[in-house]
Amino acid sequence: MPENDVPLVVPVILGSVRDARRSHHAARVLHDRLEAAGHEAPILDLRELDLPIFTGADEQDSHPGVVAFRAALARSDASVWLSPEYNHAYTGAIKNAIDHVGDELRRKPVAACGLSGAGHGGIRATEALKAVLIEMRALPIRESVHFGDARNLFAEDGSLARPEFNGRVDTMIADLAWHARALRWARATLPLPDRR
Ligand SMILES: Cc1cc2nc3c(=O)[nH]c(=O)nc-3n(C[C@H](O)[C@H](O)[C@H](O)COP(=O)(O)O)c2cc1C
């Protein structure tokens, strides 16, 4: 199979754990578009994974949620991180999840997507999140999707009330997949620099 057709594994990290959350609708859109493009796209729901607050204690490494989260990232080619904007930042749940990660994201592309009740769609959250993901030695891509006006963006059944968002998601996925393929080849082929 030509490299361009090989399906990728691209988890969607759902960074909202709030009872009445809306971000799960956006996560479903991201998942569906990734699958439509032929990729495997498990949703890693931080509410379900119920990660403990990071303390660095050894026993946290065997917590089932931590084990599942890290294993899913380890087998990924790329990932999409979705966070609503809370108080001008990404969620505490996302930051806690990242603090549990080791080198599973290293030299892999990542996309940061935002959501907010306001029209901007959480851009302050995504910009800040990209900076943090760089510290994981991940490679954030430029493209993001910002799900603004979240109260009106999704119908009761969770479907998009504004289908043009599908096109924005597809553009981001195409760019992420290009980087994922390039970096997968590079990780397998090119020697690493001295400072890894
Ligand atoms: C604790 C909290 C803080 C928020 N802070 C902001 C904010 O700083 N800027 C903004 O545009 N919206 C803010 N909002 C609105 C959220 O972006 C909006 O409610 C969105 O639906 C939250 O995502 P969720 O439904 O998945 O939790 C905040 C909401 C909560 C619950």
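The ligand sits in the largest pocket of this predicted model, where a pocket is an open set of points, on a 1 Å grid over the protein atoms alone, with protein on both sides within 12 Å along at least five of seven lines, and where sitting in it requires that more than half of the molecule's atoms lie within 2 Å of the pocket's grid points. Because the model is predicted, local features need pLDDT of at least 70 and side-chain atom pairs count only at pLDDT 80 or more, while totals for chains, interfaces and linings use all residues. Residues are numbered from 1 along each chain as its sequence is written, and side-chain values use heavy atoms, with hydrogens and water left out.

**Ligand surroundings**

- Around the ligand there are 15 residues, of which Arg18, Arg22, Ser23, Tyr86 and Asn87 come nearest; a residue counts as near when one of its heavy atoms lies within 4 Å of the molecule.
- This shell comprises 4 nonpolar, 7 polar and 4 charged residues, with Ala, Val, Leu, Ile, Met, Phe, Trp, Tyr, Cys and Pro taken as nonpolar, Asp, Glu, Lys and Arg as charged, and the others, Gly among them, as polar.
- An oxygen atom of the ligand lies 2.6 Å from an N or O atom in the side chain of Ser23, and backbone N or O atoms also take part, that of Arg22 at 2.7 Å from a ligand oxygen and that of His88 at 2.9 Å from a ligand oxygen.
- On its own the ligand has 610 Å² of accessible area, and the protein covers 75% of that, the areas being computed by the Shrake-Rupley method with a 1.4 Å probe.

**Residues with positive phi**

- Most residues other than glycine have a negative phi.
- Asn87, which is not a glycine, has a positive phi near 50°; this residue is found in the loop between S3 and helix H4 (92–99), helices (H or I, at least four residues) and strands (E, at least two) being DSSP runs numbered from the N terminus.
- Asn87 counts as exposed at 78% relative accessibility, given that exposed means over 50% relative accessible area, buried under 20%, and partly exposed in between (1.4 Å probe, protein chains only).
- Arg107 likewise is not a glycine and has a positive phi of about 60°; it lies in the loop between H4 and strand S4 (109–115) and is partly exposed, with a relative accessible area of 25%.

**A buried serine**

- Ser76 is found in the loop between helix H3 (64–74) and strand S3 (79–84), and it is buried, with a relative accessible area of 3%.
- A polar atom of the Ser76 side chain lies 2.6 Å from the backbone oxygen of Leu73; a polar contact is a pair of N or O atoms within 3.5 Å, and within protein one must be able to donate a hydrogen and the other to accept it, with residues adjacent in sequence counting only if both atoms are side-chain atoms.

**Separations between C-alpha atoms**

- Asp5 is placed in the segment before strand S1 (12–14) and is partly exposed at 49%; its C-alpha atom is separated by 32 Å from that of Ile123, 118 residues apart along the chain.
- Arg33, in helix H1 (residues 23–36), is partly exposed at 26%, and 31 Å separate its C-alpha atom from that of Leu190, 157 residues apart along the chain.

How values were computed:
1 Å grid on protein atoms, 1.4 Å probe; cavity = no way out; pocket = protein on both sides within 12 Å on 5 of 7 lines; lining within 4 Å.
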